[in-house]
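User: Please take me through some of the labels used for this model, setting each one against its cut-off.

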Amino acid sequence: MKTCLLIGLLVASFALANTGCSGGEPAKPNIIIILADDLGYGDTGPYGQEKIETPNIDRLAEGGMRFTRHYAGSAVCAPSRCVLLTGMHTGHAQVRGNDEWAERGEVWSYRAMIADSTLEGQKPLAEGTQTIASLLQKKGYVTGAVGKWGLGAPHTEGRPGSQGFDFFYGYNCQRMAHTYYPVHLWRNSSRVWLGNDTVAPHTGFGPGEDPYDPASYERFNMRDYSPELMFREMISFIDSCGPNPFFLYWATPIPHLALQAPDEWVRRYVDKFGEEEPYTGEEGYFPVRYPHATYAAMISYLDDQIGRLVSHLKELGIYDNTLILFTSDNGPAWNAGTDPEWFRSATPFRGGYGYGKGFLHEGGIRVPMIAFWPGVIRAGGVSDHLSAFQDILPTLCDITGTELPQGTDGLSFLPELKGGKQQQHEYLYWEFPEYGGQQAVMIGNMKALRRDIHKGNERFELFDLAADPQEMHDLAAENPELIKRVSAIVEKEHRSSQNPRWRFGLMDN
């Protein structure tokens, strides 16, 4: 009886505190960032997807604001996440590419990493880095990260617990996340062993296995599906926060390869799409009997989780005081069974090799972004405000009354969310040292792009995105003054990286 009374009092105080009814100052909003992994601009209903069903993401857009000119921090995982959490673009960010830290040993061996946790993870963020989480901690927020990390190996200063997060559950290492049925995940600084077998990522068919026989795929789909485990931990984290405002960084691995989804979700799309050819594993990751159905199933599964999250917020009475930002770390993948052309994943941009993930073309960095905050953001709003990942940290600082750290590169878009007068970017800048070395500058609708820098290319191409969203017509020769301005911006915004792997010989000699 006493226990029930205590729980009742805690729930009552929790509801009062989170609705601002306690008689004090209005409650700080809870903040949730949902970061999908390799989700293309056109992969959900609000952005034109017709084959994949996303009713819950549709409802977020209907009840909030859909941004049409929002950009990821980079064209691949780790640097994009670094930009998001630190507010520094890739000309200044600590992490500018995917460095797997190979000098440690067998970092690409799944079994070696299981045996030795010091082989997991990527090059770490520095100790004392100011992240969204560390800043909000100081404002009284309970901070949690669930999903894929990739910004610092276990046992280093880059792990989530050293970067402002009170709680972490998920994959520390991007390479380990190449299977949705891992042998272990991490809870804070400890491994959590799961009920899955040791099937290494990128394992293919055995001799004589038939790609049309469902039995050939059984070992690739095991017991503990990591997105479901992570979702449960996320809900427990929210429940544990009690009356305190929370910041949740939900970095789901969906729909990053490998293509794996619960069978009941795959069957829905097999019934919808019909028979299709299998993906047999020749480009890495795992073979998949129904690649189209599985890719769609993964996104719909994530959509269902978002619906379950929103329902839980309503049950707790904190739905009206929660800001949700939904976006993706970069554009769609183009290999190992994914099919961005068939799904029109990057529409209206190109999303195949050379234009999607890994490239600073629009298909690689233009991403969905939905902001949802009941009673604050006008329902059904559509914004063409030019924004990027480096803007999220200053926006959240603005919302919470947090002092903005020096050296950040973004602008708060809170005025845009509230329908006020919004400051505009003079330009946006990206650099990416992989896939040949690339730099890009956005000025209004004009985008300059330099590729193959490591081969000595110094020439920028120029595209008018308003007239040419697929970046097919180079206008550089007709706009020498604009190219001169672009060169000055690059000179100003590029700071040589401390990591030799992320330097440009063209500029860093």
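Analyst: Contact here means heavy atoms within 4.5 Å. By that criterion, leaving out residues up to four places away in sequence, Arg450 touches several residues, among them Gln439, Glu458, Val490 and Met507. The model is predicted, so local features need pLDDT of at least 70 and side-chain atom pairs count only at pLDDT 80 or more, while totals for chains, interfaces and linings use all residues. Residues are numbered from 1 along each chain as its sequence is written, and side-chain values use heavy atoms, with hydrogens and water left out.

User: What makes the approach of Arg450 to Gln439 a polar contact?

Analyst: The term covers a pair of N or O atoms within 3.5 Å, one able to donate a hydrogen and the other to accept it within protein, and residues adjacent in sequence count only if both atoms are side-chain atoms. The two side chains meet this at 2.7 Å, and the side chain of Arg450 also reaches the backbone oxygen of Glu458 at 2.9 Å.

User: How do you know that β4 pairs with β8?

Analyst: Strands are DSSP runs (E, at least two residues), numbered from the N terminus, and two of them pair if DSSP finds at least two bridges between them. Six bridges join β4 to β8 in parallel, with Thr143 opposite Phe247.

Technical notes:
Helices (H or I, at least four residues) and strands (E, at least two) are DSSP runs, numbered from the N terminus.
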